[in-house]
Amino acid sequence: MCGFLSIDSSEYPMAIFDKALHELDDRGPDMTGTQEANGAVFGFNRLSIMDLSEKGMQPFNNNNNCTLVCNGEIYNYPALKENLADDYECQSHSDCEVLLPLYQKYGLDIMCKMLDGEFAFSIKDGNTGKMLAGRDPMGIRPMFYGYTEKGKIAFSSVAKALVPFCHDIKPFPPGCYYDGEKIVRYNDLGDVKHYVEDDVDLIGVNLREKLVEAVDKRLQSDAPIGFLLSGGLDSALVCSIAQRIMDKPIKTFAIGMDRNPIDLKYAKEVADYLGTDHTEVIMTREDVLGHLKEVIRKLETWDITTIRASLGMYIVCEYIHQNTDLKVILTGECSDEMFGYKYTDFAPSPAEFQQESQKRVRELYMYDVLRADRCISSNSLEGRVPFADTDFVQYAMSIDPAKKMNVYGKGKYLLRHAFDGQDYLPEEILFREKAAFSDAVGHSMVDDLKEYAEGLYSDEDLEKAKKKYSYKTPFTKESLLYRDIFEEYYPGQAAWIKDYWMPNKNWENCDVDDPSARVLKNYGDSGK
């Protein structure tokens, strides 16, 4: 994972710019560089993944007076490089080097549509004088933007780096680019024009083939790769596919509380079945509470479920960073949004299921994607998310929602069916109902957080929060705790996050005051 800061202005002393760039140090500890170009200032912190030499260092420049910084992995760069062979000779093996010549040859709109990967970039075109930017369709790579006192636009991989320069800082929307004047959408993965007519068996074949391809392309790396493995379906599938492709024991990591760690048991079953080089990380109540402030500072959010789920993920990534030479981590995020949560069992119709799925996909960058990026990158690792592959998402979202709803007595049935009988996973894992990650690391973790907040705040404090925080007012003592910590670091910036991640309160059985599936009537054997 890398990080960048770019400002279309030279109105600030470099000392202030350099200090702000330090907010990105953990994203890119290998090399740091700054450059002034055509009235703009660029800063880049590099985590070396593709082309480990200095030739892969950014900013990239070309003879046509353009400068680029990009935090990304462009998985189809060999084909793009071949496309450019008659026009441009690459000077490195960095996948991001192809962006500038692509922009020069095709323009911003076509270039963005050609890219298969996870990316956020900023370009200054010295010929037009325009500052440009773009972000991948799922928002896997983060980017924020704002405007300086003189009205000049600025971009950064994290919001906190823009605070010294900008007012009204916002997340840059996924699937969009900035053309120097306005933000333009080039890809909306939630927008489905028509549903495929495939039957359940053909859907299974297509899902399997597309997910295998998504994992395969994310194994491209000049740096060592590891895998986060919970006991659930999604991460287990990613690990199983990768193990089969690499044909050698992969390195897997699971985390759980020292009390009732549900995930560790099932993660070990998967690891033993696959024959991975498996590591278990145990965390305690003291670890959770001791990391809470730092995790919220890194996340730049106050959302309850994001913070809960980040604590375990952050701690296991911290362990990986401190105890291994791994730099790339594959994860199982982004499946639930397409195939359903426990609460979507209560969707009143296929149309409403699809509408909810579209909403979740479009907002992923504020929740699970944000969590994965910050927990991984804050520990100087790069995260890759196969379920967020553009081709996979486009197909999954085009499946008739009547087939994706839980009419089979088993959540995510289509995804399970896709790998049934293929020897990727044992049936008891493939068809197990799993708890959400924040619960599955051990129910005691969430209970500890609630108990801690209960001891800090009175009922009167919670009532006063209505006046203290008019935007997305905390509604439990736990949520007040998180908001207070957020405001300590980022006063007045709560609008970075749109809302609390919660089940759809308009549906029957979903009007709850906690995001955990544990409070739903259909929780059943999940997490047992």
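Two strands count as paired if DSSP finds at least two bridges between them, and the elements themselves are DSSP runs numbered from the N terminus: helices (H or I) of at least four residues and strands (E) of at least two. This is a predicted model, in which local features need pLDDT of at least 70 and side-chain atom pairs count only at pLDDT 80 or more, while totals for chains, interfaces and linings use all residues. Residues are numbered from 1 along each chain as its sequence is written, and side-chain values use heavy atoms, leaving out hydrogens and water.

Start with the open sheet, whose 6 strands follow the order β4-β5-β6-β7-β11-β12 with antiparallel pairing. At its edges sit β4 (60-61) and β12 (183-185), each pairing on one side only. Further in, β7 (residues 130-135) is joined to β11 (residues 176-178) by 2 bridges, and Gly 134 stands opposite Tyr 177 in β11.

Now look at helices α9 (residues 304-323) and α20 (residues 477-489), which pack at about 80 degrees with axes 10 Å apart. Axes here are lines fitted to C-alpha atoms, for helices over the stretch in contact, and angles run from 0 to 180 degrees between N-to-C directions. The two helices are therefore roughly perpendicular, a label for angles of 65 to 115 degrees. Where they meet (heavy atoms within 4.5 Å), Ile 304, Ile 307 and Arg 308 in α9 face Glu 478, Ser 479 and Tyr 482 in α20.

Definitions and conventions:
Parallel < 35°, antiparallel > 145°, perpendicular 65-115°, else oblique.
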